[in-house]
Amino acid sequence: MQRYSILWADDEIDLLKPHILFLEQRGYDITPVNNGSDAIELCQEKHFDVVFLDENMPGLSGLEALAQIKTSKPGLPVVMITKNEEEHIMEEAIGSQIADYLIKPLNPSQILLAVKKILDNKRLILEKTNLSYQQEFRKISMALMDDLNYEGWTDVYKKLVFWELQLERAGDTDMAEVLETQKSEANAHFTRFIMRHYEKWLNEPGIPKPLLSHQLLKKKVFPELQKDLPVFLVVIDNLRYDQWKVLEPVLTDIFSVDEEELYYSILPTTTAFARNAIFSGMLPAEMARVYPDLWVGDDEEEGKNNFEDTFLEKNLRKNNLQVKFTYNKIKNVDEGRELADRVPNLFQHQLNVIVYNFVDMLSHARTDMAMIRELAPDESAYRSITRSWFLHSPLFDALKVVATRKARVIITTDHGTIRVKRPFRIVGDRSVNTNLRYKHGKNLGIEGDKLYHVTRPEKLFLPRPNVSTTYAFAIEDHFFAYPNNYNYYVNLYRDTFQHGGISLEEIIIPLIFLSSKNAG
């Protein structure tokens with residue numbers, strides 16, 4: 001076991017010998033001094049894992065010694081010990097970033113707990129997290145053997161994300177690999193579940209089914225418009241559930257999380273199909289039939305999302321909602337800053353929709369920019385870069401302004417993404433779209449079964465521009481690659497985050513209801 005070194009500075013250090021002996025018997029090396037000056041000097045000369053510092057020493061006070069120690073060793077944990085319980089003393093010590101604060105008279109257990117929290121914290125958390133996940137591993141594995149319904153799959157996915165984040169915080173790379181294998185197994189079962197049930201959800205009324213993209217506004221957002229508070233609907237493109245969980249602690253400083261739900265994206269899990277379905281309240285084939293002038297027939301995804309505000313307006317009218325609304329699509333930082341400046345004016349509207357494309361741009365940038373690929377090589381880094389973006393984004397600035405007044409905030413997305421690893425050969429003519437996770441066209445050449453091949457698109461309410469048009473959806477972590485320049489494109493796209501297909505990460509997505517915590 002590793003031995004830790006502790007510096008203990010107290011003008012009554014001789015009276016603390018029983019406590020020092022107690023710690024030494026438990027494997028800690030203690031260096032005692034009786035004044036702050038010696039503590040500062042020793043900290044500069046030797047390595048210590050933690051410092052115990054008496055606040056009320058003659059000469060240089062504990063707080064003065066603390067300031068100098070932190071100047072030269074800002075990362076060194078310091079425990080302040082004092083007889084003084086005055087609030088301003090505590091606040092000054094805490095403001096100086098101490099690791100803990102103990103009140104005399106001390107007892108051995110109190111000291112040992114402080115030491116373990118600082119020095120053994122990571123090991124203890126790692127051991128506990130490891131044991132807890134091993135127990136949960138068996139429960140999840142057993143659940144995967146059951147005939148889960150959509151609610152059961154939502155529960156399994158939430159558990160997998162929870163343990164993924166717990167193991168990441170604990171730094172347990174071995175168990176993280178075990179979880180990654182279990183997540184892959186879960187995705188294999190989930191894709192079969194979707195292939196068995198998705199068509200039924202769309203065609204058989206009355207059967208149990210999840211909330212789907214085209215039902216989101218009518219069932220979850222429009223009811224909020226009947227209340228007195230203005231509603232801010234924030235659609236962050238490509239936001240996975242695990243990404244929401246790393247943004248949640250940032251937002252809970254200013255908002256209360258009233259509800260956290262998960263809903264299911266329609267197929268294909270792309271911006272063009274799923275987000276238009278959200279705003280129109282229709283499935284893609286219905287949009288193409290009812291609004292052929294709005295459903296752009298090209299294969300450029302963003303080209304199909306130029307009429308979201310029109311779809312929203314028609315959807316409100318269809319539901320007899322005469323409300324004042326704004327629609328704000330943010331595609332770059334300048335547009336985001338301009339939105340943040342306009343937030344106070346938005347409160348006069350009952351509904352304010354904010355579509356923020358940053359996460360989508362980030363995922364595609366990973367493919368195109370070597371630097372981004374280096375910054376986000378895996379899920380952990382992808383979450384980290386998303387959190388960093390959000391902290392410094394105009395979107396967060398805008399939400400901080402919203403939080404100053406009473407409002408209802410709904411944060412959601414249109415689909416998630418999955419890190420693709422395994423290529424799948426597919427052949428198509430020039431009419432076939434370019435997405436790596438789904439294809440549609442007249443002459444799809446497919447070999448193998450690692451996909452969901454839809455030969456009757458009308459059953460999935462998908463547009464069929466040609467009588468021979470079929471759709472193919474990649475499943476699990478596969479991605480489509482053409483035989484021409486096969487190795488080049490496989491190396492280019494492997495380990496990038498893509499969407500359009502069938503996986504837990506793409507389909508099961510967050511729907512969060514917030515209310516202002518400190519509104520005036």
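In which hand does H7 pass H10, left or right? The crossing is right-handed. The model is a predicted one, and the packing described below was computed from it.

Helix H7 spans residues 150-170, and helix H10 spans residues 241-251. Their axes come within 10 Å and cross at roughly 55°. The two helices are therefore oblique to each other. On the H7 side, the contact is made by Tyr157, Lys158, Val161 and Leu165. On the H10 side, Tyr241, Asp242, Lys245 and Val246 take part. Sorted by class, this contact has five nonpolar and three charged residues, with no polar ones.

Helix H7 also holds Gly152. The relative accessibility of Gly152 is 17%, so this residue counts as buried, the cut-off being under 20%. Gly152 and Pro210 are 58 residues apart in sequence. In space, their C-alpha atoms are 11 Å apart.

The contact of H17 with H18 has six nonpolar residues and neither polar nor charged ones. The contact of H7 with H10, by contrast, has three charged residues.

The model also contains an open sheet of five strands. The strand order is E2-E1-E3-E4-E5, and the pairing is parallel. Strand E2 (28-33) and strand E5 (100-103) form the edges, each pairing on one side only. On average, neighbouring strands are turned by 20° against each other, direction ignored.

At one end of this order, edge strand E2 is joined to strand E1 (residues 4-9) by six bridges. E1 and E2 run parallel. Within this pair, Tyr4 stands opposite Tyr28 of E2.

Helix H3 (residues 62-72) lies across two strands, E3 (50-54) and E4 (78-82). H3 runs at about 175° to E4.

Technical notes:
Residues numbered from 1 in each chain as written. Predicted model: local features only at pLDDT ≥ 70, side-chain atom pairs only at ≥ 80, totals over all residues. Heavy atoms only, no water. Axes fitted to C-alpha atoms, helices over the stretch in contact; angles between N-to-C directions. Helix = DSSP H or I, 4+ residues; strand = E, 2+ residues; numbered from the N terminus. Parallel < 35°, antiparallel > 145°, perpendicular 65-115°, else oblique. Left-handed = near helix turned anticlockwise from the far one by under 90°. Contact = heavy atoms within 4.5 Å. Nonpolar A, V, L, I, M, F, W, Y, C, P; charged D, E, K, R; others polar. Buried < 20%, exposed > 50% of the residue type's maximum accessible area, 1.4 Å probe, protein only. Pairing = 2+ DSSP bridges.
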